[in-house]
Amino acid sequence: MNLQDMVVHRDDTTTRMVDRYLMSYEGRVIAVRRHPALLLLPIVSTVAALILCAAVQIAVGFAWIWLLWLVSLGYLLWNLAAWSLQFFLVTEHRVMVIRGVLNRDIAMMPMAKVDNIELKRSYTGRALGYGEFIIESAGQKQGLRRVRFVPYPEQLYLEVSSFVFGTVDAAPD
């Protein structure tokens with residue numbers, strides 16, 4: 001998958017909600033959702049609750065035990081909704097993370113404040129294809145420091161780094 005597949009285009013209706021957080025002179029450079037591996041815990045807990053509820057129903061016969069599974073299914077659906085509304089966004093002027101279902105939280109750091117971007121990849125992250133960005137800035141503590149479950153981590157790291165720090169010109173012939 002190349003970078004063009006990751007970059008959000010203006011006609012993408014699923015991410016038009018991101019545009020409302022941009023200033024009139026800003027344009028999106030990169031806008032991606034967090035990696036779906038973020039949903040592994042809710043999926044595993046829902047499947048485990050299903051198996052547990054079925055076992056209890058068979059062994060003891062408590063029909064009300066299925067309420068536990070409905071709660072775990074609600075947990076999965078809530079996390080799925082939250083995942084679908086979370087974006088890592090890079091513009092010409094800012095790096096942002098937008099999240100929240102009922103309340104919207106926007107963490108932002110101006111490009112001018114970014115001193116360093118670090119990419120961390122755990123063994124699980126390497127196996128599943130996600131990473132974590134640690135964005136450092138000079139001065140006070142920023143609202144945006146860690147961005148976890150970043151998809152296409154190497155490609156995004158190179159793209160964001162080259163955008164923030166500029167590209168190195170090729171050596172003259």
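Me: In the protein chain, what share of the contacts with a separation of 6 or more comes from residues 24 or more positions apart?

Reply: A contact means heavy atoms within 4.5 Å. Residues 24 or more positions apart supply 52% of the contacts in the protein chain that have a separation of 6 or more. Please note that this is a predicted model, in which local features need pLDDT of at least 70 and side-chain atom pairs count only at pLDDT 80 or more, while totals for chains, interfaces and linings use all residues. Residues are numbered from 1 along each chain as its sequence is written, and side-chain values use heavy atoms, with hydrogens and water left out.

Me: Which elements of the protein chain have the lowest and the highest mean pLDDT?

Reply: The term pLDDT denotes the predictor's confidence in each residue, from 0 to 100. The protein chain has an average pLDDT of 85, and 86% of the residues score at least 70. Among its elements, the lowest mean, 48, belongs to helix α1 (residues 3-6), and the highest, 96, to helix α5 (residues 123-128). For residues 1-6 the pLDDT is below 50, and this stretch has twelve contacts in the model beyond near neighbours in sequence.

Me: How many helices and strands does the protein chain have?

Reply: Helices (H or I, at least four residues) and strands (E, at least two) are DSSP runs, numbered from the N terminus. The protein chain has six helices and seven strands. Read from the N terminus, their order is α-α-β-α-α-β-β-β-β-α-β-β-α.

Me: Which strand pairs with β1, and in what sense?

Reply: Two strands pair if DSSP finds at least two bridges between them. Here β1 pairs with strand β2 (residues 87-91) in the antiparallel sense, over five bridges. Within this pairing, V32 stands opposite F88 in β2.

Me: Is β1 mostly covered or mostly open?

Reply: A residue is buried under 20% relative accessible area, exposed over 50%, and partly exposed in between (1.4 Å probe, protein chains only). Five of the six residues of β1 are buried, and the strand is mostly covered. Across the protein chain, buried residues make up 38% of the 173 residues.

Me: How many salt bridges are there?

Reply: Side chains of opposite charge can pair when their charged atoms come close. The rule for a salt bridge asks for a side-chain nitrogen of Lys or Arg within 4 Å of a carboxyl oxygen of Asp or Glu. By this rule there are four salt bridges. One of them joins the side chains of R94 and E26, at 2.6 Å from N to O. This pair links distant parts of the chain, 68 residues apart: R94 is in strand β3 (residues 94-99), and E26 is in the loop between α2 (16-19) and β1 (28-33). Both R94 and E26 are buried.

Me: Are R121 and E154 buried or partly exposed?

Reply: R121 has a relative accessible area of 22% and is therefore partly exposed. E154 is partly exposed too, because its relative accessible area is 41%. Their side chains meet in a salt bridge of 2.4 Å, N to O. The partners are 33 residues apart, with R121 in the loop between β5 (114-120) and α5, and E154 in helix α6 (residues 153-165).

Me: What is the salt-bridge partner of R148?

Reply: The side chain of R148 meets that of E132 at 3.5 Å, N to O. R148 lies in strand β7 (residues 146-151) and E132 in strand β6 (residues 130-137), 16 residues apart. R148 counts as partly exposed because its relative accessibility is 43%, whereas E132 is buried, with a relative accessible area of 14%. Salt bridges that share partners join E132, R146 and R148 into one network.
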